[in-house]
Amino acid sequence: MRTSRLRTVHPVLWTGWAALAAGAVLCVVGWYGVSGERFAERQLPYLASCTVPGAALIVSGAVLLAHGRGSIAAARVEELYGLLVAAEPDGTQERAETGEASLAPLAVSGELLMVPGGTLWHRADCPLVAGKAEAVPVDSKLVASGELGPCPICEPTGETD
């Protein structure tokens, strides 16, 4: 999936860089031609044939580069989404397609954990903290003070055991 999308993006990026380079060269040639002429009527051909098209190429090159980088970002998001969908447990795909709600919560552990420096508390079996050595038990004072909020993934209750 990613390679087919990126094959179509790389020519756009190369074309953008080429347009920027050609535009810069035309602007330099136009400036050099204008600087060598004393009268305005002799400078106009350089402006019309080099500087204006050079500026247009610079703008079009910038647009192509922005489009190419946006396409690369979109390809990466699609790849990550594909990995996320592929990581779903069996049956989740069918439930999502039929519109059934998930019957079991994602995490059910009563023990609450937090990551030092984090802003959320989680259930111990929450996928965001499960298996992380740096996760520590939640201090009830932090929960009571409101410094930590509940994780939107595992949705723990505000009570600690």
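**Walking through the model**

Modeller: The protein chain has four helices and four strands, where helices (H or I, at least four residues) and strands (E, at least two) are DSSP runs numbered from the N terminus. This is a predicted model, in which local features need pLDDT of at least 70 and side-chain atom pairs count only at pLDDT 80 or more, while totals for chains, interfaces and linings use all residues. Residues are numbered from 1 along each chain as its sequence is written, and side-chain values use heavy atoms, with hydrogens and water left out.

Colleague: In what order do the elements run from the N terminus?

Modeller: They go α-α-α-β-β-β-α-β.

Colleague: And what is the mean pLDDT of the chain?

Modeller: The mean is 76, and 76% of the residues reach 70 or more; pLDDT is the predictor's confidence in each residue, from 0 to 100.

Colleague: Switching to annotations: which residues does "transmembrane region" cover?

Modeller: The unreviewed UniProt entry puts that annotation on residues 12-34 and 46-66. UniProt positions are given in the numbering used here, feature names are shortened, and annotations may be inferred rather than shown by experiment.

Colleague: What does the model have over residues 12-34?

Modeller: That span is 100% helix and 0% strand, with its end C-alpha atoms 32 Å apart. Residues 46-66 are also 100% helix and 0% strand, and there the end C-alpha atoms are 29 Å apart.

Colleague: OK, the sheet. What's the strand order?

Modeller: β3-β1-β2-β4, an open sheet of four strands with mixed pairing. Two strands pair if DSSP finds at least two bridges between them. β3 (136-137) and β4 (149-150) are the edge strands, each with a single partner, so one side of each has no neighbour in the sheet.

Colleague: How many bridges join β1 to β2?

Modeller: Three, and those two strands run antiparallel. Met114 has Trp121 in β2 as its bridge partner. The β1 and β2 hairpin has five residues between the strands, and Gly117 takes a positive phi near 90 degrees there.

Colleague: What about β2 and β4, parallel or antiparallel?

Modeller: Parallel, with two bridges joining β4 to β2 (residues 120-123). Leu120 stands opposite Gly149 in β4.

Colleague: Is Cys50 buried or exposed?

Modeller: Cys50 is buried, at 10% relative accessible area. Buried means under 20%, exposed over 50%, and partly exposed in between (1.4 Å probe, protein chains only). Cys126 is buried too, at 0%.

Colleague: Where does Glu111 sit?

Modeller: In the loop between α3 (92-98) and β1 (112-114). Glu111 counts as partly exposed because its relative accessibility is 44%. Its C-alpha is 5.5 Å from that of Ala124, 13 residues apart along the chain.

Colleague: And Pro152, where is that?

Modeller: Pro152 is in the segment after β4, and at 60% relative accessibility Pro152 counts as exposed. Pro152 and His122 are 30 residues apart in sequence, with 8.8 Å from C-alpha to C-alpha.

Colleague: Last one, overall numbers. What share of the residues is buried?

Modeller: 23% of the 161 residues. The accessible surface is about 11,000 Å², with 64% belonging to carbon and sulfur atoms; areas come from the Shrake-Rupley method with a 1.4 Å probe, and for residues only the protein chains shown count as cover. Of the contacts (heavy atoms within 4.5 Å) with a separation of 6 or more, 61% are between residues 24 or more positions apart.
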